[in-house]
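Thank you for making time for this today.

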Amino acid sequence: MRVFRMTLCCAPVATVFGLLLMCAVTVGPGGGGSAEKSGRAAGLTPADRAAPVLPPAAVPVRRPPVLSPARRPVDRPHTAALPRIMPRAKWLTDAGRRPPPRYAARVTAVFLHHTDSPNGYDCADTPRIIRYLYTGQAGGRNWDDIGYNFLVDRCGTIYEGRAGGVDKAVVGAHAQGFNKGTAGIAAIGTFVAGTPVPRAMTESIAALAAWKLGLANVDPRSRVRLTSTNSLSRFPKGRTAEFNAIAAHRDEYETYCPGQALMAALPGIRQRAAALQGR
């Protein structure tokens with residue numbers, strides 16, 4: 001009989017001798033992301049300076065060509081359909097009193113986790129598993145709520161995790177220093193090297209990431225810049241780091257999470273999410 005562990009995610013590299021830490025131990029205020037823009041002004045060429053100067057009345061006026069509707073460039077947001085998400089009421093009926101949720105302006109990146117729990121569960125038992133994870137965090141660790149914004153089981157069912165509204169930029173407790181402006185998606189199970197990752201699970205992760213990033217018109221294949229809000233991750237407070245828009249927990253924190261098998265699936269998840277956004 002396998003003992004259901006109270007750990008979330010996987011062990012940090014510094015504790016490879018058997019100590020498992022919870023993935024969402026990386027609770028803390030998160031960082032925001034910003035895009036950098038640059039530009040330059042063009043000067044006159046020698047040919048320009050040598051050209052005769054026309055009097056003001058004789059200066060020709062060049063008007064931009066009028067494009068037909070078929071030729072006009074399309075600048076539309078790339079969004080994806082809202083996938084079906086099971087509400088918190090499916091796994092938690094009474095959470096007691098909690099501090100109000102905190103919000104960012106938008107979500108520009110997703111961090112993928114695994115829960116470091118058994119894989120051979122019946123999907124009908126998923127609500128009980130999430131309650132167990134919640135109890136370990138909000139009860140045993142005295143957190144204000146479960147750390148992940150969403151959880152996905154091996155059958156591809158998506159569950160709302162942290163309270164505050166699935167369509168809002170709820171600040172989670174899943175990526176130390178980078179919780180603000182990101183969403184944490186936890187795959188329920190343990191996905192070390194050689195572990196099969198269910199197709200239904202990766203499809204739902206891609207659909208969820210495509211929808212969530214699409215709300216801010218973020219390409220799932222792009223790179224984003226986030227600034228750390230504390231010094232408890234790989235990056236000291238104030239350091240701006242670049243991540244994939246769909247990143248792994250280990251990219252920002254010393255951990256094996258989300259496991260080598262899910263790491264290998266990430267490129268395909270990004271491509272699938274981009275396709276769902278119509279890119």
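This is a predicted model: local features need pLDDT of at least 70, side-chain atom pairs count only at pLDDT 80 or more; totals for chains, interfaces and linings use all residues.

The mean pLDDT of the protein chain is 81, and 73% of its residues reach 70 or more. Over residues 24-62, however, the pLDDT is below 50, although this stretch has 53 contacts in the model beyond its near neighbours in sequence. Residues 66-74 also have a pLDDT below 50, and there the model shows two contacts beyond near neighbours in sequence.

Of the 279 residues in the chain, 48% are buried. If we take the contacts with a separation of 6 or more, 73% of them are between residues 24 or more positions apart.

A separate pairing is that of S6 with S7, which is antiparallel and extends over five bridges. Within this pairing, Thr227 has Thr240 in S7 as its bridge partner. In a regular strand, the side chains alternate between the two faces of the sheet. For S6, the covered face holds Val224 and Leu226, while Arg223, Arg225 and Thr227 are on the uncovered one.

Let me turn to the aromatic residues, where the structure holds five aromatic pairs. Why is the pair of Phe178 and Phe235 called edge-to-face? Their ring centres are 5.9 Å apart and their planes stand at 90 degrees, so the pair is given that description. This pair links distant parts of the chain, since Phe178 is in the loop between strand S4 (158-160) and strand S5 (182-187), whereas Phe235 is in the loop between strand S6 (223-227) and strand S7 (240-244), 57 residues apart. Phe178 and Phe235 are both buried.

Phe178 also forms an edge-to-face pair with Phe243, at 5.2 Å centre to centre and with 75 degrees between the planes. Here again distant parts of the chain are linked, with Phe243 in strand S7 and 65 residues separating it from Phe178. Phe243 is buried, as is Phe178. Ring pairs join Phe111, with which I began, to Phe178, Phe235 and Phe243 in a cluster. Apart from the ring pairs, the charged end of Arg154 sits over the ring of Tyr121, 5.6 Å from the ring centre.

Thr108 is found in the loop between S1 and S2, and its relative accessibility is 9%, so Thr108 counts as buried. Beyond its neighbours within four places in sequence, Thr108 is in contact with Gly181, Leu213, Val218, Val224, Leu226 and Ala245.

Pro220 lies in the loop between helix H3, residues 199-214, and S6. Is Pro220 buried or exposed? With 0% relative accessibility, Pro220 counts as buried. Leaving aside neighbours within four places in sequence, its contacts include Leu213, Ala245, Ile246 and Arg270. Pro220 and Arg270 are 50 residues apart in sequence, yet their C-alpha atoms are 5.4 Å apart in space.

Lys168, finally, has its place in the loop between S4 and S5, and, with a relative accessible area of 41%, Lys168 is partly exposed. Not counting residues up to four places away in sequence, Lys168 touches Tyr103 and Lys212. The C-alpha atoms of Lys168 and Arg102 are separated by 10.0 Å, and the two residues are 66 residues apart along the chain.

Conventions:
Residues are numbered from 1 along each chain as its sequence is written. Side-chain values use heavy atoms; hydrogens and water are left out. pLDDT is the predictor's confidence in each residue, from 0 to 100. Contact means heavy atoms within 4.5 Å. Rings of Phe, Tyr and Trp (its six-membered ring) pair if their centres lie within 6.5 Å; planes under 30 degrees apart count as stacked, over 60 as edge-to-face and the rest as tilted. Helices (H or I, at least four residues) and strands (E, at least two) are DSSP runs, numbered from the N terminus. Buried means under 20% relative accessible area, exposed over 50%, partly exposed in between (1.4 Å probe, protein chains only). A charge sits over a ring if NZ of Lys or CZ of Arg is within 6 Å of the ring centre and within 35 degrees of the ring normal. Two strands pair if DSSP finds at least two bridges between them.
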